[in-house]
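Trainee: I'd like to learn how to read a structure feature by feature. Could you walk me through one?

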Amino acid sequence: MLRRVMRRPPEIIVQLIHIHGPLKGEIKEFSKETISIGRHPSSDLRLPAELTVISRNHAEINREGNQFRLIDRSTNGTFVNGKKITDVLLRDGDVLEFADGGPKVSFLTQMKEAPMEPEAAVTPPIDEGKPSPAPAPARPPEVIAPQPAVAPLVIQYGPTIRSYKELPVTIGKSAKCHFVLDHPGIYDQHAQVFFSQGQYWIKDLTGQNMIRLNHQPIPMQTVITLYDNVALSPQGPVFRFLGDGRMAEVTETAEEQRPGTQEGGESQVRPVRNEKPEKGVLSKIKKKLF
């Protein structure tokens, strides 16, 4: 017996990545219509009580359809990309600062498909005269030649946030690379991110099997999926793939952490490839991202 299924509307997850302040390195995820921010114990994004420059009810983010609006409710102000605001629509990659010189977070959104809902049972016809088909033989890994593609890519490394609208993007020390990365473990032409067959790929350009995906070296290139950790070399840096072409710097210790539920439904990001976080969780990575 088969069941027809019906899709629910997609869920939008808001990710607030702390890039400056006492919570630097943490990532919080929300799926609520309204996200309250401040020092009050009931705040969704609760900032430390000793930060008196932050109001108890400092600001809130409200969902409006597929957009999000930031409203300031503070005494010392809220800033977006360095400009003081009272009410503004947010875009992916915006940097939010709570009070002048206060904590900063990067705002990102992620679309998640809602689980399928059973609709009706359908009984297929029975054909007793035909044997079950044999399983298809395993296919060898496919080598894809990177081709120009229109697809977004956002890389966050240290204080740097770079956005691209077309792929492939080359990463390395050379000034000829799209994303120049000054790091002792990085070659002049080190890696390439490209988009093919509806998926993001990472390619090792070093010829030395330097790149590791979830601690495993890749032969030459491989698909990267949600919450994969990509180490460009044994010395780092390590990036976490947050979906929709977004890569944020993390640390090896963050890769080894296992999820643990906290009060209020929080849990740490799960580092294992293809393992999805439970609905409504908050993700925490203990390392500076920027």
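Predicted model: local features only at pLDDT ≥ 70, side-chain atom pairs only at ≥ 80, totals over all residues.

Trainee: What is the peptide bond from leucine 167 to proline 168 like, cis or trans?

Mentor: The general idea is that most peptide bonds are trans. The bond joining leucine 167 to proline 168 is cis, and its omega is near 10°. A second case to look at is the bond from glycine 236 to proline 237, also cis, with omega near -5°. Proline 237 is placed in the loop between strand E23 (229-231) and strand E24 (238-241).

Trainee: Are alanine 99 and asparagine 214 buried or exposed?

Mentor: The step you need is the cut-off: buried means under 20% relative accessible area. Alanine 99 is at 1%, so it counts as buried. Asparagine 214 is at 16%, so it is buried as well.

Trainee: What does valine 53 touch, away from its neighbours in sequence?

Mentor: Setting aside residues up to four places away, valine 53 touches His58, Asn76 and Ala99. Valine 53 lies in the loop between E5 and E6, and at 39% relative accessibility it is partly exposed. Its C-alpha is 8.2 Å from that of threonine 75, a residue 22 positions away in sequence.

Trainee: Where is leucine 23, and what surrounds it?

Mentor: Leucine 23 belongs to the loop between strand E2 (11-20) and strand E3 (27-30). Its relative accessible area is 17%, so it counts as buried. Beyond the neighbours within four places in sequence, leucine 23 is in contact with His18, Arg46 and Leu47. Its C-alpha is separated by 9.4 Å from that of valine 105, which is 82 residues away along the chain.

Trainee: Now for charges. How many salt bridges are there?

Mentor: The count comes to six. One of them pairs the side chains of lysine 32 and aspartate 44, at 2.7 Å from N to O. This pair links distant parts of the chain, 12 residues apart: lysine 32 is in the loop between E3 and strand E4 (34-38), and aspartate 44 is in the loop between E4 and strand E5 (45-46). Lysine 32 is partly exposed at 43% relative accessibility, and aspartate 44 is partly exposed at 21%.

Trainee: Which parts does the salt bridge of arginine 73 and glutamate 60 tie together?

Mentor: The two side chains meet at 3.0 Å, N to O. Arginine 73 is in the loop between strand E7 (67-72) and strand E8 (78-80), while glutamate 60 is in strand E6 (residues 59-64), so the bridge ties together parts 13 residues apart in sequence. Arginine 73 is partly exposed at 49%, whereas glutamate 60 is buried at 18%.

Trainee: What about arginine 246?

Mentor: Arginine 246 forms a salt bridge with aspartate 244, with the closest N and O atoms 3.6 Å apart. Arginine 246 is buried, at 3% relative accessibility, and aspartate 244 is partly exposed at 43%. Elsewhere, salt bridges with shared partners join Glu64, Arg69 and Asp87 into one network.

Trainee: How do I look for empty space inside?

Mentor: Rolling a probe the size of a water molecule over the atoms shows where empty space is left. Here there are two cavities of 30 Å³ or more.

Note on methods. Residues numbered from 1 in each chain as written. Heavy atoms only, no water. 1 Å grid on protein atoms, 1.4 Å probe; cavity = no way out; pocket = protein on both sides within 12 Å on 5 of 7 lines; lining within 4 Å. Points joined across faces, edges and corners; volume = space filled by probe spheres on them. Helix = DSSP H or I, 4+ residues; strand = E, 2+ residues; numbered from the N terminus. Buried < 20%, exposed > 50% of the residue type's maximum accessible area, 1.4 Å probe, protein only. Contact = heavy atoms within 4.5 Å. Salt bridge = Lys/Arg side-chain N within 4 Å of Asp/Glu carboxyl O.
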